[in-house]
Amino acid sequence: MGNEEYIWINILALLCLCGRTAAQISYSVLEEGNKGTVVGNTAKDLHLSVQELETRDLQIVSNYRKKYFDVDFRTGSLIVNDRIDREELCPTTAQCFLRIQAVLNNPMTVHRIEVGVLDINDNSPEFIEKSYSLNISESASPGDRYFLPIAEDADIGSNTVKRYKLSPNEHFSLDVQSGGEHGVSAELVLNKALDREKQPIIRLTLTAVDGGKPPRTGTLQLIVNVIDANDNTPTFSKSLYKVRVSETAASGETVIKLNATDLDEGINSKIRYSFIKRGNSDPSNIFDLNPETGTITVKGKLDYEDTPAYEVRVQAMDQGTVPRSAHAKLLIEIIDVNDNSPEISVTSLMTPVKEDAGMGTIVALVTVSDKDGGNNGVTSCNIVGLVPFKLKSNYKNDYSLVVDGPLDRENISFYNVTIKATDEGSPPLSSIGIITVEVSDVNDNAPHFMEPVINAYVKENSPTGSVICKISALDPDLHNNAKLSYSLVDSFPKTIPVSSVLNINSETGEIISLQSFNFEELKTFQFKVQATDSGVPPLSSNATMNVLVLDENDNIPTILVPYSEHGSVNSENIPYSAEAGYFVAKIRAVDADSGYNALLSYHLSEPKGNNLFRIGTSTGEIRTKRKMSDNDLKTHPLVVLVSDNGEPSLSATVSIDVVVVESTADIQTQFRHVPTKDDSFSDLNLYLLIAIVSVSAIFLLSLISLIAVRCHRTDGSFSRYSAPMITTHPDGSWSYSKSTQQYDVCFSSDTLKSDVVVFPAPFPPVDGELISINGGDTFSRTQTLPNKEKVS
């Protein structure tokens, strides 16, 4: 067959290939091309602009060990990225294709590209042996032919062996035969009878020439030994034998029995059979030939997927002194059986997949292949079990694993997707492939606090930099999406910027004071804290925090006028005729603290032996214990100690000199505590009048106090009040209650001038206000007592 016929065959094959791959992009490229060699304009063939290739993140993926191709984003061309050796990729086939896939995102699509690898003449013809010996009888007739070894060329098409040349000589010539798809072979033809006595050994050179431009060659040394022997050559019954055998044939199973005859007699007609080794193929590794009977049996393991057919050359040689031989061709076809399970190949495109991935998002490419032929190699593929994924068919045996349902990493962080592939053989074979799909986190959960409102307590006078409390929030997301930072948002009242009094550690959530608090100036304030994650975009949530300042006993009692002048000695006059219980003076004091820290008690500290006067512990009223006697002093110095109930207790003192005068006309005081006794009133009437006036004053002051408290707490963000209710009790005390606060108003029934102490119930639990009104003269705010008590 000539070169023109071979070119037409290639053109016809390419036309058939184009018809088969009409649904995909096909290119061709020469092997051994330089890196960067342009294969084709992928952007144009995909109907895309060059800018779209980059914005849609075009990727070239394949199942090959090397990345043979890449895309030049500047031109949109598919270029060679690695060395392509056709002989390495397709050592046994004439046509060689590289199948790759172009994957585009936004939206994600997959395009199949088939690149035909074209052969270049990069391999020279080679003979397996360096020399070859022939024994030719001198009785051989001109025209006798002798089979010669063939040269192997790894190239294909026009680049393979096309002709043979023989070195010039007078006895032999070559007959070159074209074997079609099996290449060309050469036979040595005797042109002139040999004469062993003149030339017993003839040395020739056989040259194999390929069809490349320029052509490459390979040589073999032929050694012809001229001997004298048989004049009849064995003959096979057929020049070509064809036989079929199953790939499951056991070792020793008969394939065929050859038959050759020789017209000679005796030893010259006794024939021995043998294989002829040609090139790299050695049939003796697979088959066994009985040299005596010509029976060929199975020796090795047959595999249709490895070699679908064997072309074997056999030789029949007689046993004459100068043996003569004949050759025949044996074509053994292997019958395929379904002995290969489908193979599943996975190329991951998105690992892991985001939990907010939309329906149809491609996770991986799945390719199923089966080495068997016919229906044994036809496969189907499906997913086993219930998972939010499905297989979408792209091409024959090519699938995309896509998202088919909602994903939530907080519930399921990964899936083991089981894929089952089954062929159509009888019986069918199947295989299982497992794809682990990890679900990555997205910031779809905002941080949350365990409680919407947080109460924190701080003692007044606590040092600057003290940790008031530590807040924490939870976020079920992962990594940066769950990494929280804390901040202060706003505060109440607005006049106190929270950033000026507090700071927060953004990482740990520790809230630190920037100043020392004074309960008497600031009892409580409110602000919001915010927890923000580090996701993109970040999510946040708020919680309200109440900071409640706890009172400390840091204020000493203050003596009120007229006994408040520091360092002065006060004096009071009483008549010598004063009866037991005579009112001498009333000490008034206040304490800027609250609660027990402001609950005052009065005591006489000097002199120790004085038994003439007593003082009301809670009222501060100084009265006589008994009537005067002649033995009593005229001037009695008294030291009154005023103490609070704090821990530790703080106190103040005041000195009073009580002077005994002969008559009431001599009494001169700076401040009259008791009106002058009128003879028209009895003692009972006087006390009754005082009691009525005191109760009226107390009631009026209580109402004023409650109105002041109501006006003070009008902001609804921290305290809300309902309608007040005042209740009287049998013991003479009043209770004032309003929603979350309750005040108990108590007074003494045995005093001339009563005191009122108002204790509010806690709000929040350990804080509140106490209003102390002494005899209607003073008004102060103090801390709530832990347990509400009535004070008289």
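This dialogue covers salt bridges in a predicted model.

Trainee: What should I know before reading the model?

Mentor: The model is predicted, so-called local features need pLDDT of at least 70, side-chain atom pairs count only at pLDDT 80 or more, and totals for chains, interfaces and linings use all residues. Residues are numbered from 1 along each chain as its sequence is written, and side-chain values use heavy atoms, leaving out hydrogens and water.

Trainee: How many salt bridges does the structure hold?

Mentor: A salt bridge is a side-chain nitrogen of Lys or Arg within 4 Å of a carboxyl oxygen of Asp or Glu. The structure holds 22.

Trainee: Which residue forms a salt bridge with glutamate 32?

Mentor: Arginine 83 does, with the closest N and O atoms 3.0 Å apart. This pair links distant parts of the chain, 51 residues apart: glutamate 32 is in the loop between β1 (25–30) and β2 (38–41), and arginine 83 in the loop between β5 (77–80) and α4 (86–89). Helices (H or I, at least four residues) and strands (E, at least two) are DSSP runs, numbered from the N terminus. Glu32 and Arg83 also belong to a network of salt bridges with Asp85.

Trainee: In the salt bridge of arginine 74 and aspartate 72, is aspartate 72 buried or exposed?

Mentor: Buried means under 20% relative accessible area, exposed over 50%, and partly exposed in between (1.4 Å probe, protein chains only). Aspartate 72 is buried because its relative accessible area is 16%, whereas arginine 74 counts as exposed at 72%. Their side chains meet at 3.3 Å, N to O.
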